[in-house]
Structure formats: C-alpha cells, structure tokens
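Trainee: I have a model open and I'd like to learn how to read it. Can we go through it together?

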Amino acid sequence: MKKIWWLAAVWTVVGVAALVALMLLLVGCQGGTGPTGPAGTPGTSSGTIKGMVTNGLTKTSLAGVTVTTDPVIDGVSVSSGGDGSFSAELPIGTYKITIKKDDFTAVTETVTLVAGQTVTKDVALKPAANVKVNAGADRNVSPGAIVTLKATAVPYDGSTVSGYKWTQVSGVETRIENADSDTITVTLSEAKDFKEELLALLNQSDRLGVQGINPAALEEAETVALKAAVTTSSGTYSDTVNVVVKLPYVVNPGISNVPVGLPVLVHAKTEPIYKWVLMLPEGSKAAVDDDKDRDPSFTPDVAGKYTLANKANGAALDIYAGTWAGAISGLDAKGRPESAACTVCHNGKAAPDKFTDWKASGHAEIFTQNINNPAGHWTEGCATCHTVGDAPGVDNGGFDEAMTREGWKVPPHGEVDYYAGMFKQFPKTAGLANIQCENCHGPNNSPLHANGTVDVARVTLSAEACGACHGEPPRHGRFQQWQESANSGIESTTTPERATSSSCARCHSAQGFLLWLKQGDLTKQIQGAKGNATADEMAAMGFTANKLEPVTCVTCHDPHAQGTTSGEPTTATVRIIDDTLLLPAGFQAKEVGKGALCITCHNTRNAVHNIDAPPTSYSAPHVAAQADVLMGENAYFVSVPQRSPHANIKDTCVTCHMEETPPPAEFSYQQSGTNHGFAASTTICSSCHSANFNAKALQVGTEDKLHKLGEAMSAYLLDKMPATVTVKDYTPHEVKGVSYDLASDAAQVSKDNIAALEPTEPHGQQGFIIKFKSPVTFTYKPAGESPHTVILSEAEVRLGDITTDGTSTVIALTDNLVKVGWNYFLIHGDGSEGVHNPAFINAVIDTSIAALR
C-alpha cells in the first residue's frame, strides 16, 4: 500500500482588522458586536471558511464532496466546486465542519471564525478501501433464470486493474460463464434443487406432518451469493452480490391449522413410494404440486378440512384451513389487552384460561410497546411477527387487510398511548396487533375452533413454532442458537427403546419433562398404573418416535407467560425457579434462581451416593452431573454437602451460561441478549474475579489430576486381574450397513494380552476400554438375527462384566474401586473441568487417588 499523507491545515490571516481581532481573541477579549459562540443568523460580523479536498492516497483533488456545518445556519450553505474546493461565509463563532464523500471516511474539523478572517482548511480524505469493487445490486429472479452480472472497480489508490475472478460463495450450485471477466452470465438451478436446499436446512424428523419453516432457513435456501474479486497492481479486492430465487413457500410454525391462501409444505416418513391424493372441502380447487414427492405442498383456497393421503400405504394427514379473527377488543385500566369475545369461554371453566397469563406477557405488548414509544423503531416490516396474519396480497383477514380497509398508516415515530387511540379510529387493525393466540395456534375462523376439544392440530411442543419468529438472525436468532446446543438433539426419539423409556423421557423429551413436572414427585420415573410406566404404557401416552420432541423452547418456558423483556436485563420466566423439588439424585437445591430449572435435569439421577450410602451397583453417575458438583453432593471419601460459591450467584447456571456469556455472533445482534447455545465462556470469569485470574489454568490443572486418577484406577484394576479374565464387549459397531449396540457373549482374554486400560462409561455403567496387544474376536447375538463376529483391537467393557469365570466379578461392589469410579465419572460428567466447584472437585480427586493406594 502507498503511504498515506495527510495534508496539514494552512491558516491564512487576511487584513489588519483580522489580525487585531485574532490578538484580542487570544487574550480572552471578544471585540465588536459578535457573540462568543456561533451566531443564530448571519450578521455584519462574519468570516470565511474555504479549502480543498483531496484523496489522501493519491493527493489528487476530489469532486462531488458534501460539506456541512454544525450548527446549521439558516440561509447559508457551503458551496463545493467540481475541483474539490469549497467555501462559505459564516457568522463569527466556532463550527464543526464535516466533509463527506461516498466511499471515503468522513472528516470533521473544528473551526473558529473571527470577523473579517478567512480560514483555509485543506482536507485529505481516506478511502474506505484502496480499491472500491461493486458487484452490482442484488437481484430477485425465478428458478432456472439466466442472469447477467457486471462488476466495476474504482482504484482510489491509483493502481491499475489487471483481472477479474467470479466465484460462488454460498447457495445452490450455479453455473457461471466468463468467470474471468467483469461481466458474467449466471444460470440458476431449477426449483427442485432450491427445494432440496431448503429441506436440508430445516429441522426434519422422520414423521408425517406440516413442515415448520423458519425465516433464516428460507432466506438462506433462496439466496445464491457470488463474489467478484478484482486484482490490481496493489492487491486483490472483492464485493459480493446476492441472487435471490423466490420459492413458493412461506414461514410456517409447523402446525396443521393453517391460513387460507398461503402454501403448506408437508414432510412425510421415509417410504419406498408416494402416491398423494388431496381430499378437499366444498368449493376448493387446491391441488398437490407433486403427487410423487416425499415433501409435497398445496395452497388451501377456502376454509375447511383438507386430507392429504398417501394411497401407497394408507398414511393420511388432516390439515385445517381458516381465516384470521383477532382477539383484542380493547385495553384495561393498566393498558393490558382485553378480549370481550374470547374470555366468555376461556375463563378456566368452559375452556382453559390462558388469557390471564398471556395478557401480562411480552407477546401481548410487543406492538404496543413500540408504537407507544416516541423513540420506537417499529415499521411495517415488523408486522409479520408482531401482528396477526400479516401477508400482503393474500385475502385471509390478516393485519395487512385491516390496515388497508381502515386506512391506518404506520406513524413516523411512536407516541405515548398511541395504541389506545387506535381502537377508536382503527379498531380492526388494533384488534389484530401484538402476538396473539392465532400467531402460534393458527386461525380461529377454522373448523377446529370452538369444537370443545384441545386439538393436536393447533398445539405443538416443537421449536419450529417459536422459530417462525425467533429464528430470524441476527436480532431474533434464539432458534438458531438453540439448534447449535445439545438440547436440540433428538436422541431420545431415534429408537423405540429410548422413546418409551420412563426414565430417559423425563429429561430427553419435551413431552416427558412436562408430564414429569405435573406428576410432582421427581424422585420417581414417569409413572404407569403399577409404578414405573412400561413401554406399552408410554406408547399409549404418546411417547413414540413419531410424536416426541427434544428439549424445545416450551420445555423451559411457558409460552403464555414468558415474561416481558428478552433483552438486557431479561425478565424471561422459566418453569422452575429458586428451589427445586427433591431431585432424583437425592438432594434439593435451594436459592438457585432460574438455575433451578437446569438443575432439575442436570443431576446424577441415580439416588444418593456418599459415605452413608455405599454403592449398590456398578452404575456411573448420569453424565449431566453439574448440579451434584455445584452443590457439592454425592461423592465418596469427602464430607457432603460442599456448596460452591458459584451456587450463591444470582440465577446460578443462567447467569454464567446465558447472561454473562454472549450468544454466538452470527445469531445475535451485537452479541446481545441471552445465550441459547448454553455453552459458558471462561472469558467471563474476570467480570467477578481478578482480571489476572486464569480459568484455563484451573481447567488444565484439574484435567491433569483427573487423568492421573484414571491411570491409578487402570493400574489398580490390572493388578487385581488374574492371569485370564472373561469380558463382554459393548462397543457400538456396524455390520453390512446395519448398526448394533448390544453386549457380546463372554470372551476369555489373557492378562498378558492387555496393553492398556482406560476408564469409560458403557451404557451408564462404570467400565474400561481394554486395549489388546493382539486383536480379540467377539460374538454378538441380536434378537431375531443370526449371530455375527467382530475382531477388535480394543473393547468397551462394563466393570461388572469383568469376571474370573463368567460369573464371579474381579471387583466386588464393596471394593474401593467402585466408589473411586463413581467419583471419577462424577467429575468427568460435570464437564466444567474444575470451574463449578474447585475446592470440592480437588478434594474428590485427591481422596480418590489416596483410596487406591
């Protein structure tokens, strides 16, 4: 890069009178009739400002500059010439002179004018980039379109252009012709390719239902980004242009109660063949776009029931269409919404009363807040989420139609109590404002409303329902943050065994957690008729892979009473706060704020384990052991409880993991708001501790000690082994494309063939990875299948499956290794590497090592 030279200001004093005035100013005297600051209007006492604007890199003059003064003087403007010069005669006083030009960094200079004086300010502007590349304006096209794009380059540093190179940055694969020139021809892919891209970006389960679509996924699928790189004698510079392909889909919460006039995308289970038939309500002419596609779509054109059936296997989905109604009829004395029609039934007697909680929530006031705020920023673009049914161009009774019919226009700025006044002039528009029942449950003017039942077609625990609005980064990116977290995984729904487990379902599914809380006794699994619910009982209650949702938004938040402010500070509510009930881990966490919700599941969930409760099995703590460690519970060889100072922080888990730790930058506006990725950053420690505190050092030290404990456990076990042991492998494996996860038959292993041992946790049990010097063959017998064998160089073996003869365990339950193993997996499963409770963690590791000596 060329060196940037900044031109010094040259001050020129003209005339004897100006010199005298300047001397008087320097000694603190203001001569004549002028004021000490800028005059309000031009007067007889004035001075002149003039100058030349140049390019700071090439030192050449810049035409087309804009020069403004602060304060602005009525009737006086700064004239600028085509050669970069500017000038103006201004009343005496002090001014801030701002010089601007597109593509250059603006410069502001302070100038004091004295009567009769001319001040010369020569200014050098620095270009924002040495070479300005423009790939052109974004384009909106149809699938398969052929588009011509042209790039331009302006070398502000005086360099010369030597070449162009176009490449695709993101989006569906696109053909580029003449990529090495300034002008290219782009051929977009067909509609089916863009649809496949959208489906790949969505959260899809192997089940039949209306597909939820969030705005970020739709925007990304529709956008092809192309970069134009320009090489000059000073380097390579670039710009990006987006070619947007409009798809025939819209944002959708994923429920089966849908508005008339908007397309509905359906996702089906994996089947060998699809033969879709759409059964219509009277008067409808709707049709399926592709009767052989796994993901068909159609647009309902009248209110009523639509049934989409796959004639190949009999699977069918009922979808109900209707129009928007709006619920708000006015405001109460506190300015909260009322609904004269809805509360006649939704009073807790005829129908559930969700209105009372909702009217005090942020959903009920988001439009109101912004439109009443003189500093508000609400625009018509916010209506998609902040009102009911806003869909310009579609006739279904939404907010946009009420606006047009009543003639309401978005005011240039908010005004106190503006919303209350709308009910007099624009009652229908006001009645459809804010986030209401229909935003989440679909249109009220449909066959499902007022039918006396709570229809599953109108209620969902899926995160996609929230993602329809909270899935629009950067400002509204909670959904994408959640997607990156472990809570979004659907491991509990991937197999029938996990889906119907009365133990796992409590914390690995939204349905299970809510039922568990309603049950009340958290020390018990989900209950059936005679104790823990059987697999058949769980399935009868809807716990199947076709219906379960992972830990979604509504698992933690009641959507009808979610608080009022999600920013900073947040007032968002959670389902459990301050004190937990007695936990499955055998203790109660008190005064832990919003962290009580996290602690309810993030505990060992295997009853009490301490000096008064010796092991009764070879079980390991559940890997979500954070609460036990934070509260200093459930460990051997140490006194308990040993509550961590971190457990005394307001809201405990939530403070560090969600409020102090910023959310992912790509999914948040200036990294503000709560972090729904949930991972805590060690960089926040200095906000409470000294800036010199090194959390990484603490973590490294803890992991080193834990590794030494693992080595001590391995050496202890190896020493206890006889010359030959019998073991069963539990390594997940694949044979001929089929995955297996079951225990093998017992196999004999010579102690001399064991190269190393390492602690591990096969299926919730304490165990070890046994590494062999020579491979060992294991036989597996899956139910209903032929046996198969696998040759392994290392095996995952449960501690209870290491025997002398297939029945007698090498390590008895009373052996210290079982207690030490519990402690090891407790600290390992905590995952904080010492941060949650340093003193307790160190004591647990140290006493465990000592117990094996």
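This is a predicted model: local features need pLDDT of at least 70, side-chain atom pairs count only at pLDDT 80 or more; totals for chains, interfaces and linings use all residues.

Trainee: How many bridges join strand 17 to strand 21?

Mentor: Two strands pair if DSSP finds at least two bridges between them. Here, two bridges link strand 17 with strand 21 (residues 264-267), and these strands run antiparallel. They belong to an open sheet of three strands, ordered 17-21-23 with antiparallel pairing. Strand 17 (209-210) and strand 23 (297-298) are its edges, each pairing on one side only.

Trainee: Which residues touch the most other members of the largest nonpolar core?

Mentor: A nonpolar core is a set of buried Ala, Val, Leu, Ile, Met, Phe, Trp, Tyr and Cys residues joined through side-chain atoms within 4.5 Å. Buried means under 20% relative accessible area, exposed over 50%, and partly exposed in between (1.4 Å probe, protein chains only). The largest core has 48 residues, and L717, F778 and L799 touch the most other members. Helix 22 gives the most to this core, seven residues. Another core, of 29 residues, lies apart from it and includes V141 and F194.

Trainee: What is L799 in contact with?

Mentor: Contact means heavy atoms within 4.5 Å. Leaving aside neighbours within four places in sequence, the partners of L799 include Y618, L717, F768 and V818.

Trainee: Is N603 buried or exposed?

Mentor: N603 counts as buried because its relative accessibility is 0%. You'll find N603 in the loop between helix 18 (595-601) and helix 19 (626-631). Its side chain reaches the backbone nitrogen of A585 at 3.4 Å; a polar contact is a pair of N or O atoms within 3.5 Å, and within protein one must be able to donate a hydrogen and the other to accept it, while residues adjacent in sequence count only if both atoms are side-chain atoms.

Trainee: And where is A747 found?

Mentor: A747 sits in strand 33, and it counts as buried because its relative accessibility is 11%.

Definitions and conventions
Residues are numbered from 1 along each chain as its sequence is written. Side-chain values use heavy atoms; hydrogens and water are left out. Helices (H or I, at least four residues) and strands (E, at least two) are DSSP runs, numbered from the N terminus.
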